Amino acid sequence: MILPMKHWRLGIMLFLILWSVNPAQAEETSVAEQIAMKFARGVANVTTGWAELPKQIYLVGHNEGWMMGALRGPIDGLGMLLARTIAGAYEILTFPVPLPLQYQPMLKPDYVWQPEPVAEPDQSTEPTSPQTQPEPRQP
């Protein structure tokens with residue numbers, strides 16, 4: 001059906017309105033991207049797992065003093081070196097399989113060069129030193 005010429009402006013405005021509207025889309029990665037990310041994460045963790053040794057020495061030394069960093073840091077570093085390398089090998093071997101669910105990383109942080117996740121404070125305990133307010137003076 002051919003529209004009369006007097007409605008062409010309405011048609012153009014309707015076209016522009018419909019053309020400019022984008023439906024809301026979730027920002028989810030595709031399965032292929034998740035598989036590729038899991039494989040790349042595994043390769044990165046296998047090849048850079050050795051960096052956990054100096055990282056843990058630094059972190060323990062920074063948080064608990066340099067004496068503890070020198071004594072306990074290498075032990076923590078060796079443990080994390082093994083954990084990151086084994087987790088990376090597992091991710092390489094199982095990259096097409098969605099384990100853990102939806103190809104999530106096995107370790108936090110995902111890579112050795114990322115900062116450690118900050119633990120949220122426990123909200124269930126009360127503060128150790130409650131603040132007292134001064135009592136009002138009586139005249």
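Which side chains meet in a salt bridge with glutamate 52? In this predicted model, local features need pLDDT of at least 70 and side-chain atom pairs count only at pLDDT 80 or more, while totals for chains, interfaces and linings use all residues. Residues are numbered from 1 along each chain as its sequence is written, and side-chain values use heavy atoms, with hydrogens and water left out.

The partner of glutamate 52 is arginine 84, at 2.7 Å from N to O. A salt bridge here is a side-chain nitrogen of Lys or Arg within 4 Å of a carboxyl oxygen of Asp or Glu, and by this rule the count comes to six. Glutamate 52 sits in helix H3 (residues 52-64) and arginine 84 in helix H5, 32 residues apart; helices are DSSP runs (H or I) of at least four residues, numbered from the N terminus. Both glutamate 52 and arginine 84 are buried, where buried means under 20% relative accessible area, exposed over 50%, and partly exposed in between (1.4 Å probe, protein chains only).

Because lysine 55 lies in H3 and glutamate 116 in the segment after H5, the pair ties together parts that are 61 residues apart in sequence. Lysine 55 counts as buried, at 16% relative accessibility, whereas glutamate 116, at 33%, counts as partly exposed.

Elsewhere, aspartate 110 pairs with lysine 108 in a salt bridge at 3.8 Å between the closest N and O atoms. Finally, a network of salt bridges links Glu64, Arg72 and Asp76.

Conventions: Helices (H or I, at least four residues) and strands (E, at least two) are DSSP runs, numbered from the N terminus.
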